Amino acid sequence: MARLVRDFINILCLKEGMIVNMKALRKIKDEVGAEFQDIPIPKIGPTDLLIKVKATALCKSDIDVYNWTTVVQNLKLPLPVTMGHEFLGEVVDIGEVVKGFNIGDHVVGETHIPCGYCYACKTGKSHICVNNMGVLGRSVDGSFAEFIRLPAVSAIKVDNSMPPSHGAIMEPLATAVHATTKADVAGKTVAILGCGTIGLMNVEIAKILGATKVIAVSRTQAKLDKAHELGADLIINNKSDNMVGAVIENTHGIGVDVIIDYTGDIKVINDSVDMLKVGGKCVYVGMIDYPLIFEKFMVRVVYKELVLTGIFGREIYNTWTILDNILESKRINLENYIADEVPLRDIDKWIDKASKLTGRVILYPDFN
Ligand SMILES: [Zn+2]
Ligand SMILES: [Zn+2]
């Protein structure tokens with residue numbers, strides 16, 4: 001209750017033009033780590049929403065930002081920046097030209113913030129806007145804070161009855177939906193390489209969207225067991241088993257129609273094309289921070305007429321509409337994708353642990 005009163009007073013003070021502080025986890029320097037700071041609650045512009053963050057999730061890419069990995073170093077991020085991008089929150093203030101949102105609405109964040117004017121934006125590809133697209137938690141202040149400013153174009157309304165922990169994993173779930181629709185899986189055999197949270201989500205989404213056989217591949221048995229539980233028809237441990245041999249054997253000797261790669265691993269990527277059917281398609285989602293070399297490219301790709309493509313984020317708003325339909329079908333138990341729920345202030349303890357867990361760690365920005 002005290003927290004509610006404090007939030008109410010904060011918003012009132014903001015409206016009066018007073019500076020009110022909040023806690024936020026910020027990446028300050030180009031080195032490992034991040035720190036909590038007291039910074040002003042963001043002021044919104046005419047096209048923005050101010051959102052009180054109710055729950056936020058710890059993604060592998062946040063861990064990359066925290067650990068300042070080479071993939072992040074190469075992005076030349078403008079520091080300092082508030083980290084975090086997967087969240088559910090409540091709208092507490094609305095920019096003057098925004099339509100379609102009300103105070104009290106619950107929203108989740110679409111991490112990509114398109115410009116709305118460039119060629120990509122004007123041709124249905126605003127999720128890969130080519131005009132300095134904002135990315136929450138990287139180039140734009142993110143959700144590891146008590147409040148976030150979000151352009152309304154990147155706010156996705158959800159039902160107010162959705163638990164905040166479920167809302168916090170909508171963005172990765174939508175990524176799995178996008179990978180699956182790009183792969184066009186209906187009536188097809190699919191191999192999903194890598195069973196991190198989004199890979200696992202992809203196993204279930206692929207089944208829902210009509211894949212006839214889903215093969216999950218991972219080096220971690222616990223993640224494979226989870227994939228099996230979520231509907232994978234076949235699981236392959238590529239630490240101990242021969243991935244290509246097992247897939248060929250289980251696809252009448254011709255390979256799978258589609259591969260969705262979450263590993264970003266050069267050996268897995270090279271090997272995997274040997275278990276893809278002639279004319280098959282590979283969708284790359286996993287991050288790769290090195291020059292990828294394709295061995296035997298002519299034999300593996302050109303002569304087989306493979307289709308190689310990637311996905312980045314989620315189509316605005318096609319993917320989100322499909323996700324809505326899937327949620328409405330009630331075929332997904334989102335609890336499967338939640339590993340733990342902890343205070344945001346304890347985040348340091350979870351940076352190393354999180355990637356070993358099955359599912360996301362949900363963080364609550366409660367500092368009282
Ligand atoms: Zn993420
Ligand atoms: Zn644009």
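1. The centres of domain 1 and domain 2, taken over C-alpha atoms, lie 31 Å apart. Domain 1 covers 2–168 + 333–364 and domain 2 covers 177–310; these bounds come from an automatic or database domain assignment. The contact between them takes 9 residues from domain 1 and 10 residues from domain 2, where contact means that C-beta atoms, placed from the backbone, lie within 7 Å. On the side of domain 1 that touches domain 2, 2 residues are nonpolar, 5 polar and 2 charged. Here Ala, Val, Leu, Ile, Met, Phe, Trp, Tyr, Cys and Pro count as nonpolar, Asp, Glu, Lys and Arg as charged, and the others, Gly among them, as polar.

2. This is a predicted model, in which local features need pLDDT of at least 70, side-chain atom pairs count only at pLDDT 80 or more, and totals for chains, interfaces and linings use all residues. Residues are numbered from 1 along each chain as its sequence is written, while chains are lettered from A and ligands numbered from 1 in the order in which they are written.

3. An open sheet of 6 strands runs in the order β13-β12-β11-β14-β15-β16, with parallel pairing. Strands (E, at least two residues) and helices (H or I, at least four) are DSSP runs, numbered from the N terminus; two strands pair if DSSP finds at least two bridges between them. The edge strands, β13 (234–237) and β16 (307–310), each pair on one side only. Neighbouring strands of the sheet are turned by 20° against each other on average, direction ignored.

4. Within the sheet, β11 (residues 189–193) pairs with β14 (residues 256–261) in the parallel sense over 4 bridges. I192 stands opposite I260 in β14.

5. Helix α6 lies across β11, β14, β15 (276–284) and β16, at about 155° to β15. Axes are lines fitted to C-alpha atoms, for helices over the stretch in contact, and angles run from 0 to 180 degrees between N-to-C directions. Helix α7 also packs on the sheet, touching β11, β12 (213–218) and β14, and its direction makes about 170° with that of β11.

6. The axes of α6 (residues 170–183) and α7 (residues 197–208) come within 8 Å and cross at roughly 55°. That makes α6 oblique to α7, since angles under 35 degrees count as roughly parallel, over 145 as roughly antiparallel, 65 to 115 as roughly perpendicular and the rest as oblique. The residues of the contact of α6 with α7 divide into 9 nonpolar, 4 polar and no charged.

How values were computed
Contact = placed C-beta atoms within 7 Å.
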